Amino acid sequence: LTHFDSEGKAIMVDVGDKQATSRKALACGEIRMQQATLKRIMDRNIEKGDVFGIARIAGIMAAKQTSSLIPLCHPLALTSVELEFTSHIDEGCIEISATAKVNGQTGVEMEALTAVSVAALTIYDMCKAVDKLMVIGTIRLQEKSGGKSGDFIRPLDA
């Protein structure tokens, strides 16, 4: 493992000699809730405001702060962070996806995963007064490109 020195102490990996390349990561997750709660979100009838708008901003802000939250992550000069929300009213589910991009020496998987996580937590926070049954889950890396390890696309059966 690269995050340990020869004595087993945790270290931040030295990426100084690595080539800067274009890197992109897509992470996904979901938040499940009662159908009535999701209908209120869709109707913009949540007292705290525009749930998707605020969750989008929260996810972007979180991606930018990933190195402050995850101890061994490098601070990155992100070039782009985008979040999308797909609602499934019949299932009471919102799918969240975040794409993070950077031209740098290390990947952006953690930034995309952090964006999804904080966006889901923000939705929870904004709706908890009307739905205590919400469940956040299946947060995962879906795709990544760039860097020494190459491209990754999650198999459909994984």
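**Notebook: fold and sheet of the protein chain**

I began with the order of elements: from the N terminus, the protein chain runs β-α-α-α-β-β-α-β-β. That comes to four helices and five strands. I note that the model is predicted.

Next I looked up the sheet. I find five strands in an open sheet, ordered β2-β3-β1-β4-β5, with antiparallel pairing. The edges are β2 (80–88) and β5 (152–153); each has a single partner strand, so one side of each has no neighbour in the sheet.

I then checked the pairing of β1 with β4. Residues 21–32 (β1) and residues 135–145 (β4) pair antiparallel over eight bridges. I looked up Glu-30 as well: its bridge partner in β4 is Gly-137.

Then I turned to the helices on the sheet. Helix α2 (residues 51–64) packs there and touches β2 and β3 (93–104). I read an angle of about 145° between the directions of α2 and β2. Helix α4 (residues 109–127) also packs on the sheet, touching β1, β2, β3 and β4. For α4 the angle is about 145° with the direction of β3.

Last, I took values for the whole chain. The C-alpha atoms fill a box of roughly 55 × 30 × 30 Å along the principal axes. Of the 158 residues, 37% count as buried. Among contacts with a separation of 6 or more, 70% come from residues 24 or more positions apart. The chain exposes about 9200 Å², and carbon and sulfur atoms supply 54% of that area. I also looked up the charges: 18 are positive and 20 negative, and their mean positions lie 3 Å apart.

Conventions:
Residues are numbered from 1 along each chain as its sequence is written. This is a predicted model: local features need pLDDT of at least 70, side-chain atom pairs count only at pLDDT 80 or more; totals for chains, interfaces and linings use all residues. Side-chain values use heavy atoms; hydrogens and water are left out. Helices (H or I, at least four residues) and strands (E, at least two) are DSSP runs, numbered from the N terminus. Buried means under 20% relative accessible area, exposed over 50%, partly exposed in between (1.4 Å probe, protein chains only). Contact means heavy atoms within 4.5 Å. Accessible areas come from the Shrake-Rupley method with a 1.4 Å probe; for residues, only the protein chains shown count as cover. Lys and Arg count as positive and Asp and Glu as negative; His and the chain ends are not counted. The place of a charge is taken as NZ of Lys, CZ of Arg, CG of Asp or CD of Glu. Two strands pair if DSSP finds at least two bridges between them. Axes are lines fitted to C-alpha atoms, for helices over the stretch in contact, and angles run from 0 to 180 degrees between N-to-C directions.
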